[in-house]
Amino acid sequence: MSAPTAPSGQSSANKVQFEQLLPAFCRGRIVIRVMVLAQALAILLALAPDISSNFWSRLGLTSLFVHWVALLTVALLCRFQRRLYKVPPQQLAALALLLLLLVTLAVSTAAYSMLHASGWQRPADFYPFILQTLLIALLVGVMGIQLFALYVEHSWRLTAQSRSELDALQARIRPHFLFNSLNTVAELTQQDPAAAEQALLDLASLFRAALNAGVQVELQEELALARQYLALEQWRLGWRLQLEWLVPEELPHTMLPCLTLQPLLENAVRHGIERCSKPGVIRFELHLSTRYLTILLTNPAGELPPAEGGNGMALQNIRRRLELQFGDEARLSTGVTQVEYRVKLVIPLTTSKVEG
């Protein structure tokens, strides 16, 4: 019997992940899966050669026995799952196996008593019956632990790979807007020293966010960073950049990947406002539902030729970051007409903070 062992240097992070990977035994879908597996085991046991009774009788009795063992074990795991989360993986595997054997012993004793009272079992068959059921439970428990260990180790490898990919994507995002902002500050130092000082403060906030781009931040903090970036661009573009900011006054304490909005706004400025010969409007809308946060970003399509290097790379990076953080629950879609470019971002509402 073996439990998953974390690679060196990753024990603390993997400990948290292991707790998250433990099945929620109180959920209905987990109970249904256990019942399906228990019935499959009952069918296999009933198919074993036995001349003492017919197949359907064996199947009925075996199904009843196996389901009692499975459901009682799941119920006890559900009852004590909060305490089990604090147990190291090796000890947790041993405790789960011991619990399965104890439940099997209790159910076997009760089952034998009923069968003996009905004339199905002789008194001399008690110990062989108990030994047989415990041996089957031991084999099934060891197989289950091995399968779960393989599942956890596979999840750890996928998580490590996802973090590496996420770091590479963030490294591509950081330099682009930082260099543009530095150029803006350099221009302001000659024209308006006070404005340059405020721009440097905004730039410092964005730089700190770039260094922490691998974590999730609260929605309010992400919106503040977006406003600071737009303030920098307004110093540079002046009257050419106009904003419509449609955000509810009360916002939930939800989390999203840091610097998700800034690259979208940078695309709106670079490929929309900068390509317009007249003032352009960037419209930012935020809508909330019970489960999702939806952001709509609209900017002019632009009249001048496209800037060097399209915005496909930035959108691809954001999609990949969202996929690594939220899986299929987050969506980023775009649409374009002759007059405007539209981005729709949908993120599930969550309060969990995930370190990258």
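**Before selecting anything**

This is a predicted model, in which local features need pLDDT of at least 70 and side-chain atom pairs count only at pLDDT 80 or more, while totals for chains, interfaces and linings use all residues. Residues are numbered from 1 along each chain as its sequence is written, and side-chain values use heavy atoms, leaving out hydrogens and water.

**Whole protein**

Show the cartoon: there are ten helices and seven strands. These are DSSP runs numbered from the N terminus (helices: H or I, at least four residues; strands: E, at least two). Of the 356 residues in the protein, 39% are buried. Buried means under 20% relative accessible area, exposed over 50%, and partly exposed in between (1.4 Å probe, protein chains only).

**Stop 1: helix α2**

Select residues 28-46, which form α2. The expected span of a helix is 1.5 Å times one less than its number of residues. For the 19 residues of α2 this gives 27 Å, and the end C-alpha atoms are 27 Å apart, so the two agree.

Now colour Ile30, Ala38, Ala42 and Ala46, the buried residues of α2. They lie on the same side of α2, because they cover an arc of only 140° around the axis. The arc is taken from the directions between the helix axis and the C-beta atoms. On the other side of α2, Arg29, Ile32, Arg33, Val36, Leu37 and Leu44 are exposed.

**Stop 2**

Show side chains where the helices meet: residues of α3 including Phe65, Trp68 and Leu72 meet residues of α5 including Leu100, Val103 and Val107. Contact means heavy atoms within 4.5 Å.

**Stop 3**

Select residues 340-348, strand β7. Strand β5 (residues 292-300) runs antiparallel to β7 and is joined to it by nine bridges. Two strands pair if DSSP finds at least two bridges between them. Tyr292 stands opposite Pro348 in β7.

Finally, select residues 331-336, strand β6, which pairs with β7 in the antiparallel sense over six bridges. Gly335 stands opposite Arg342 in β7. A hairpin of three residues joins β6 to β7.
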